[in-house]
Amino acid sequence: MEKLTFRHATKKPLAGAKAQAITGVVASGNLEVLLERALPPDACTVEIETPINGYGDVWEAVVADFVARAQPGGIRITINDGGARPDTVSLRLLQGARLMEV
Amino acid sequence: MSGWRRERAARDARIEAGRAHAAGKVVAAASVVDLLEAILRPGDRVCLEGDNQKQADCLARGLSQCDPARVHDLHMVQSGIVLPEHLDIFEQGIAKRLDYSYSGPQGARIARMLYGGQIALGAVHTYLELFARYFIDLTPNVALIAGVSADREGNLYTGPNTEDTPTVVEATAFKNGVVVAQVNEIVDRVPRVDIPGDRIDFVVEADKPFYVEPLFTRDPAAMTETQILMAMMAIKGIYAEYGIRRLNHGIGFGTAAIELLLPTYAERLGLKGKIATHWALNPHPTLIPAIESGWVSQVHCFGSEVGMDRYIRERPDVFFTGADGSLRSNRAFCQTAGLYACDLFIGSTLQIDLSGHSSTVTQSRVAGFGGAPNMGSDPHGRRHPSDTWMKAGREALVTGDPALMRGRKLVVQIVETFGEKLVPTFVEKLDALELARKLKLELAPVMVYADDVTHIVTEEGIANLLLCRDADEREQAIRGVAGYTEVGRGRDRAMVERLRARGIVRRPEDLGIEPLDADRSLLAAKSIKDLVHWSGGLYEPPAKFRNW
Amino acid sequence: MSDRITDPATTSWYEASARARLDGLLDPGSFREFIGPEQRRMSPHLPLFDLPRAFDDGMIVGAGRLDGQAVLVAAQEGRFMGGAFGEVHGAKLVGLLRAALDQKPAALLILFDTGGVRLQEANAGETAIAEVMRAITQVRAAGVPVIGLIGGRAGAYGGGGLIAGTCSRLAVSEGGRISVSGPEVIETNKGAEEFDSRDRALVWRTMGGKHRRLTGGADAFADDTVAAFRTAALRLIDTAPAFDLATLEAEQARLEERIARFGDCRDGTEIWARLGANDPAAIPAMTTAEFDALLAQIGETTHDAR
């Protein structure tokens, strides 16, 4: 298992007031994403546990694009990965952000 | 004897030898080995019918049991290398040379045998190309074919999976060759005559029905949100924009998703009757909802599909059927139709390089080509216009006299940026080149050449290569839809944004598509059972696809 | 495959995640999770095998309301490790059952979706199965019906099949399967001639929802929608049997009778024919309405035997 952590500064807090949300399932080619409103509004962290080693660069790029797009300020994101492809990761992150915004 | 009839005399001698093991034309399954040893000569060119689907498996088993001291050094000329026996005969010394088209299930073994030198390879062809060579320089001496039933005169009913049979028989029977047909049963009267009896020399009543692979069934239950998103983009960004009515779909979940979105998503876009009306296509079960919703005018088929026979019988307005009611397929005609009469081919591939060349070959698998290079090419012999074809031609035209402009066939690759096990689809260099180097092939096994590809659809967007004006733009357009692969991450972001402004790269949001809306609820059928319901119970899926 | 569902009437139970099933099954907004994902109570064993963990270990437990009645619920996520019972997974269900003894809800619902015991933590999983069965009998004896809902991808196999057998009532959909040994296990032990696990129609004729309903192994047959399972659950709560000696003796008698009556049958269709179905071969293709009509016609399929 490889553990990765990314910290980003954000310009604004993620909209909505929901304290936490979870989306996805740990299954082959899938992942679960837990989002918690647990950080100062100008920060976002993403912690990942993945069974597939050596894709740190890809995770970094996917997370950076997500943060730039969704501006998830104040959110601690934790991911249990089941070997998902990057497009699935992006989709789950966006789904998670949407769940927090309602 | 005249010097002009040596082939004919040889043929007569083979048939004479074979008759010793037959009652008239009819041969018992137990006598197949004797028959084959009697009619085959060392070095013969043999077509052991291995189609995309239908397999002359009884004859294949017989051939693999022949004595290599009597039957050896055969030159196999058949479209499909599908059954283990198709390669066993090379290990046994019965066969030596091979010219073929497709080897899906045997792709890994054929690669090992090529590396090991057990097979002397002529070439890997497209279907039409191999069929063409049957009439020029690869004419079979003996054809071993498969049908559903025959009468004692040899009149043959191929069943819905006619596939390659008429082509193989045409080339063999009319050029002094011997034709042996295995059939599931011998009947007094065949339901329809697909091959007249005077072209069939021997009929073998097989010990069990010939094997057919359900190659074109994609279970909607396995379809992902990503594939649905790509299908939405293809429909809105390509089918609708070019008004594509005449088309061919390759196999894959991306294309199957398009079929399942026609009666739902495409219907909501008001596209019914405007797109996807005339098809060159195997009878995909996933097309059933579109057919039942009145989208489809007609479908001509390369072959059939397991479980679709009853459905097809009840939809003769849509499918080509015989007087008996069952499907008449024909691979050679349908390939020609797909090449000349369709405005779009859309299919999947395993690797795409920075120019847009694509291949399904990896270093450990030689899957062959099948029909995709024919479907996925711009036919320079085409002379009839259509709005779609002309629009594509206008987009591609860079220089020259507009009055001399011709159209372009749309050739679309629909791929996810990563395949199984996170293997990237986009690569700097195709594995096919390395394979060609190792095997000393003159021609690298490229499925679709870059100059034929017009669009690439991925989950990240659509790249319109017609609008690219130089190699640099083309490379960045491809990188611009290559997602998080190394190729994708190596993009020039500013240039990709400029291409996006020109509509060369289009993102889901540029097409008015919200990726989070790509949901399985959009599928007209979410399971095989749903397809059965759509068909009114006429579709009878094979056991491995059932969960009820 | 989103976790939020908009319309329970059209959402497939089979396709929905465990969380989405709960979301659509219970009264809107009524679900309160115990030991939620934010507590990260994950398997201590899976990292030893370099396997990914899930925040809830594939078992979601909590309380909610069903048509206003207080219920306790447990849902297995069949896509995580095949919904298999591990240590945390099992302990959450045992704990929920024990809570039922205190809280006395109108019912305890188990949304099965499991292949059985998780191989990587088999001892803990086997123990959990036994503890769950014991706890279920205690809960039922205390007057709380335990209702099993079975219609997920993984079915209710292995220990899950055993647990299902101890429930007060079971609802199953066509896609649901209930058995102890799975198709592959039977094939491995007895050979493909005895049971060809790739013959999926055979698998369903032997373990599938319709067969289990016809033989009384399940008490309600639900369409594959979240709404249909909700309706079935409500009905089964109302008709749950008492858990006493008379019920157990009646079950034993029915099971003995079942062996006597069908023990020589070689295929599900033979059993269905003996039950009085005119065209047994047509049953797998029947719609729910047609199947309900058949059940009414046969008229003997509701009892407590599994």
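This is a predicted model: local features need pLDDT of at least 70, side-chain atom pairs count only at pLDDT 80 or more; totals for chains, interfaces and linings use all residues.

Visitor: Fine. How many helices and strands in chain B, then?

Guide: Chain B has 19 helices and 19 strands.

Visitor: And what radius of gyration does chain B have?

Guide: It is 24 Å. A compact globule of 548 residues would come out near 24 Å, so chain B agrees with that. The C-alpha trace spans about 75 × 55 × 50 Å along the principal axes.

Visitor: What share of chain B is buried?

Guide: Buried residues account for 57% of the 548.

Visitor: What about contacts in chain B between residues at least 6 apart in sequence?

Guide: Of those, 74% link residues at least 24 apart.

Visitor: Let's zoom in. At what angle do α16 and α18 of chain B pack?

Guide: About 95°, with the axes 9 Å apart. Helix α16(B) covers residues 471-479 and α18(B) covers 493-501. An angle from 65 to 115 degrees counts as roughly perpendicular, so α16(B) and α18(B) are roughly perpendicular to each other.

Visitor: Which residues meet there?

Guide: From α16(B), E473(B), Q476(B), A477(B) and R479(B). From α18(B), M495(B), V496(B) and L499(B). By class, this contact has four nonpolar residues, one polar and two charged.

Visitor: Switching to the interface. How many residues does each chain give?

Guide: Chain A gives 12 and chain B gives 12.

Visitor: Which elements of chain A give two or more residues to that side?

Guide: Helices α1 (56-70) and α2 (86-101) of chain A. The most comes from α2(A), with seven residues. The side of chain A that touches chain B divides into seven nonpolar, two polar and three charged residues.

Visitor: How about β4 of chain A?

Guide: Strand β4(A), residues 43-50, runs parallel to β5(A), with six bridges between them. There, C44(A) has I75(A) as its bridge partner in β5(A).

How values were computed
Residues are numbered from 1 along each chain as its sequence is written. Chains are lettered from A and ligands numbered from 1 in the order in which they are written. Axes are lines fitted to C-alpha atoms, for helices over the stretch in contact, and angles run from 0 to 180 degrees between N-to-C directions. Helices (H or I, at least four residues) and strands (E, at least two) are DSSP runs, numbered from the N terminus. Angles under 35 degrees count as roughly parallel, over 145 as roughly antiparallel, 65 to 115 as roughly perpendicular and the rest as oblique. Two residues are in contact if their C-beta atoms, placed from the backbone, lie within 7 Å. Ala, Val, Leu, Ile, Met, Phe, Trp, Tyr, Cys and Pro count as nonpolar, Asp, Glu, Lys and Arg as charged, and the others, Gly among them, as polar. The radius of gyration is taken over C-alpha atoms; the globule rule is 2.2 Å times the number of residues to the power 0.38. A residue is buried if 20 or more other C-beta atoms lie within 10 Å of its own, exposed if 12 or fewer, and partly exposed in between; C-beta atoms are placed from the backbone. Two strands pair if DSSP finds at least two bridges between them.
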